Amino acid sequence: GDTGVRQHEWLMQEPGRTRPFHRGRTFGEQALAAVRAHDLDALGAVLRTWRAVLDDRAVDVDPPSSDLHPFLLSETKLALPDGHLDVGLANFVESEGRVLLLDDEWRTGHPVDLRIAEYRALWVLAHDVITLGIEHPWGDWASLDEVVGDLASLAGMFVEPYVVDAWREAEVQLQQLYAGEPREGVLEGWLNGSKRSVDLRPDRQEADELRWLRGEAVPRLTAALAERDAEVDALRRERD
């Protein structure tokens with residue numbers, strides 16, 4: 001029978017297992033609720049709880065001598081077990097006093113670097129903040145890169161630039177294998193850190209322009225026309 005396992009080079013997907021339903025809000029839902037409430041303290045608390053969960057699951061590894069897959073580096077010391085490629089906050093739920101990983105269908109056959117997995121998860125959250133049209137504390141002009149940086153600070157993480165570079169390269173390969181997306185497409189789309197909420201809200205920009213027109217431009221023009229009419233009337237009266 002078909003197990004549903006799909007293999008793309010180092011990446012495997014095992015969608016076959018049914019996952020039980022768990023009551024409780026995911027860390028992702030808690031984080032976005034805090035963002036909507038502009039409550040950075042609550043957001044920091046969720047992020048630090050999530051990191052503590054990952055730290056509990058982390059294992060010491062001997063770095064591989066060869067490239068097994070791009071989510072494991074030759075200098076990796078701390079890693080997460082296989083099945084932890086996607087440790088996004090939406091993937092964890094607190095249920096009956098335990099924290100559970102909801103979805104571990106992505107497999108590499110080997111552990112994944114803890115720092116790369118963490119950074120990937122922050123990117124996913126920041127991407128949601130920027131693209132979901134949420135009124136967020138960073139404002140419409142903040143870039144995705146800036147929001148990720150702030151999330152890392154709130155989580156108590158110091159991210160080395162080489163970790164970010166390693167993640168970006170790993171993510172390009174992941175998207176190429178999984179979605180068949182060309183490198184340029186990934187870099188300009190999903191990995192484009194200069195995205196801002198304002199760029200993704202044409203409707204919002206139009207609404208702002210309309211509000212400006214109704215609120216300021218039209219009244220100003222009306223007043224200017226009324227003045228002009230009065231001047232024309234005065235000139236007519238002088239001539240008559």
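Which backbone nitrogen does the side chain of aspartate 113 reach? The side chain of aspartate 113 reaches that of isoleucine 116, at 3.2 Å. The model is predicted, so local features need pLDDT of at least 70 and side-chain atom pairs count only at pLDDT 80 or more, while totals for chains, interfaces and linings use all residues. Residues are numbered from 1 along each chain as its sequence is written, and side-chain values use heavy atoms, without hydrogens and water.

Aspartate 113 belongs to strand 8, residues 112-113. Strands (E, at least two residues) and helices (H or I, at least four) are DSSP runs numbered from the N terminus. Aspartate 113 counts as buried because its relative accessibility is 0%; buried means under 20% relative accessible area, exposed over 50%, and partly exposed in between, with a 1.4 Å probe and protein chains only. The side chains of aspartate 113 and threonine 76 are joined by a polar contact of 2.7 Å. A polar contact is a pair of N or O atoms within 3.5 Å; within protein, one must be able to donate a hydrogen and the other to accept it, and residues adjacent in sequence count only if both atoms are side-chain atoms.

The largest nonpolar core has 55 residues, and among those touching the most other members are Leu43, Trp138 and Leu151. Such a core is a set of buried Ala, Val, Leu, Ile, Met, Phe, Trp, Tyr and Cys residues joined through side-chain atoms within 4.5 Å. Helix 3 gives the most to this core, eleven residues.

Phenylalanine 158 lies in the loop between helix 4 and helix 5. With a relative accessible area of 70%, phenylalanine 158 is exposed.
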